[in-house]
Structure formats: structure tokens, C-alpha cells
Amino acid sequence: MNNKRVKILFAYIAIMILVSIITFTIDNPLWKYDKYVHFLEFFILAILLANIFIANLDLKKFFLLIIFITLLSFLDEGIQIFIPIRSPEWIDLFFDLFGGYLGLFLMYILKDKING
């Protein structure tokens, strides 16, 4: 496991949690891109996560990463229950999961090319 990759992953997760906690105003024009942001943030998370294990990413680790992405997606939406003005949405959870799963699947497919 590469220590630098792990630090980047944890920094990214910290930023994700911080952004999830920050309250935005409802009339913010950026809300129309909300679903793209959910997809992209978990797509990047999955790539960073899989990149740590890319040298030996077998099917067992792949499924463990799927479980981790799923739990983090639920955590991301669940945090919003406790934040005024924010609320969890099933469609956001769907885009979190879709982005995360697609990123993991892409890394699993490309692992042989990445490893050389």
C-alpha cells in the first residue's frame, strides 16, 4: 500500500464530509448540478480507493470496496438528517452509488493495463 495514496484518499474523504456538512442556501444556482456532483465525487472516490489496492485488486477486495462505497454513500446522505436546511434524498444516494460503482468497475477492468 502506497502511503501517499492513502493520505490523498483520506484528505479527499475529509473534504467530502466537510462539503456534506456545509449548509448552502436553497436558492443557490449550483443546485441544478447537484446530481452531477454526487456522481463525480463518488466516481473520484472509487478511483482513489481502488488505486490503493490496484497492485493486487482481486475479486474479494473488489467486493469489499463495493461495501465500503455503499456504506460511505449512506453516511454521506445520513449526515444531512442532522443539518438544518439539508435533507437526505434517495436520488442523491443513487447517484453516489452509481458513480462509486462505475469508478470501481472501471478500475477493476483496467487494473491489468495500469499494473503493466
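This is a predicted model: local features need pLDDT of at least 70, side-chain atom pairs count only at pLDDT 80 or more; totals for chains, interfaces and linings use all residues.
Local features need pLDDT of at least 70, and side-chain atom pairs count only at pLDDT 80 or more, while totals for chains, interfaces and linings use all residues. Residues are numbered from 1 along each chain as its sequence is written, and side-chain values use heavy atoms, with hydrogens and water left out.

**View 1. Helix 1 packs on helix 2.** Helices are DSSP runs (H or I, at least four residues), numbered from the N terminus. Helix 2 spans residues 34-52, and its axis lies 9 Å from that of helix 1, at an angle of about 160 degrees. Axes are lines fitted to C-alpha atoms over the stretch in contact, and angles run from 0 to 180 degrees between N-to-C directions. The two helices are therefore roughly antiparallel (over 145 degrees). Their crossing is left-handed (near helix turned anticlockwise from the far one by less than a right angle; clockwise is right-handed). Contact means heavy atoms within 4.5 Å. Helix 1 contributes R5, V6, I8, L9, Y12, I13 and M16; among the helix 2 partners are L40, E41, F42 and I44. The contact has 13 nonpolar, one polar and two charged residues. Nonpolar means Ala, Val, Leu, Ile, Met, Phe, Trp, Tyr, Cys and Pro; charged means Asp, Glu, Lys and Arg; the others, Gly among them, are polar.

**View 2. Helix 2 meets helix 3.** The axes are 11 Å apart, at about 145 degrees. This crossing is right-handed. H38, E41, F42, L45, A46, L49 and A50 of helix 2 face L65, F68, I69, L72, S73, D76 and E77 of helix 3. Nine of these residues are nonpolar, two polar and three charged.

**View 3. Helix 3 crosses helix 4.** Helix 3 (residues 59-78) and helix 4 (residues 90-115) have axes that come within 9 Å and cross at roughly 155 degrees. That angle makes the pair roughly antiparallel. The crossing is right-handed. Contact residues include F62, I66 and F74 of helix 3 and W90, G100 and Y108 of helix 4. By class, 13 are nonpolar, three polar and four charged.

**View 4. The largest cavity holds about 50 Å³ of space.** A cavity is a set of points on a 1 Å grid over the protein atoms alone where a 1.4 Å probe fits but cannot get out; lining residues have an atom within 4 Å of a point. Points are joined across faces, edges and corners, and volume is the space filled by probe spheres set on them. One cavity of 30 Å³ or more is counted. M16, I17, S20, F42, L72, L75, D76 and I79 line the largest cavity. Helix 1 (3-21) and helix 3 each give two or more residues to that lining. Six lining residues are nonpolar, one is polar and one charged.

Terms used. Angles under 35 degrees count as roughly parallel, over 145 as roughly antiparallel, 65 to 115 as roughly perpendicular and the rest as oblique. On a 1 Å grid over the protein atoms alone, a cavity is a set of points where a 1.4 Å probe fits but cannot get out, and a pocket is an open set with protein on both sides within 12 Å along at least five of seven lines; lining residues have an atom within 4 Å of a point.
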